[in-house]
Amino acid sequence: MTRPDDGAIVRGEYMQSLPPSVLSVLGGSEQGTSVIPLRTAAVWDFDLSTDYAVSGSRLLTLTVER
């Protein structure tokens, strides 16, 4: 599950939920540094082993009330 949130992948490391000031510094980094912007953050990740090959994805929209 993911949610909309800004972050980046820097040198292969996922950095989620970054404040705008940090994203600004990363965006202006030196040449040769690999910075890939992210627009979502993982909330929950789950793997299920099967005896079959499965491919595809499913998008579910949830409204969470507190």
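Me: Which residues does D5 touch, not counting residues up to four places away in sequence?
Reply: Before the names, a word on where they come from: this is a predicted model, where local features need pLDDT of at least 70, side-chain atom pairs count only at pLDDT 80 or more, and totals for chains, interfaces and linings use all residues. Contact means heavy atoms within 4.5 Å. Leaving out residues up to four places away in sequence, D5 touches S17, L38, R39, T40 and A41.

Me: Is D5 buried or exposed?
Reply: Residues are numbered from 1 along each chain as its sequence is written, and side-chain values use heavy atoms, with hydrogens and water left out. D5 sits in strand 1; strands (E, at least two residues) and helices (H or I, at least four) are DSSP runs, numbered from the N terminus. Under 20% relative accessible area is buried, over 50% is exposed, and in between is partly exposed (1.4 Å probe, protein chains only). D5 has 19%, so it counts as buried.

Me: At what distance does the side chain of D5 make a polar contact with the side chain of S17?
Reply: A polar contact is a pair of N or O atoms within 3.5 Å; within protein, one must be able to donate a hydrogen and the other to accept it, and residues adjacent in sequence count only if both atoms are side-chain atoms. The D5 side chain makes one with the side chain of R3 at 3.2 Å. With the side chain of S17, the distance is 2.5 Å.

Me: Which residue has its backbone nitrogen 2.5 Å from a polar atom of the Q16 side chain?
Reply: Q16 is in that loop between strand 2 and helix 1 too, partly exposed at 36%. Beyond its neighbours within four places in sequence, Q16 is in contact with D6, G7, T40, A41 and A42. The backbone nitrogen at 2.5 Å belongs to A42.

Me: How far is Q16 from D6 in space, C-alpha to C-alpha?
Reply: Along the sequence, Q16 and D6 are ten residues apart. In space, their C-alpha atoms are separated by 6.7 Å.

Me: Over how many bridges do strand 1 and strand 3 pair?
Reply: Two strands pair if DSSP finds at least two bridges between them. Strand 1 pairs with strand 2 in the antiparallel sense over three bridges, and there A8 stands opposite M15. Strand 3 (residues 35-42) has V35 as the bridge partner of V10. Its antiparallel pairing with strand 1 runs over bridges numbering seven.

Me: Which residue takes a positive phi near 50 degrees in the hairpin of strand 1 and strand 2?
Reply: The hairpin has two residues between the strands, in the loop linking strand 1 (2-10) to strand 2 (13-15).

Me: What distance separates the C-alpha atoms of P20 and D51?
Reply: P20 is placed in helix 1 and is exposed at 66% relative accessibility. P20 and D51 are 31 residues apart along the chain. Their C-alpha atoms are separated by 44 Å.
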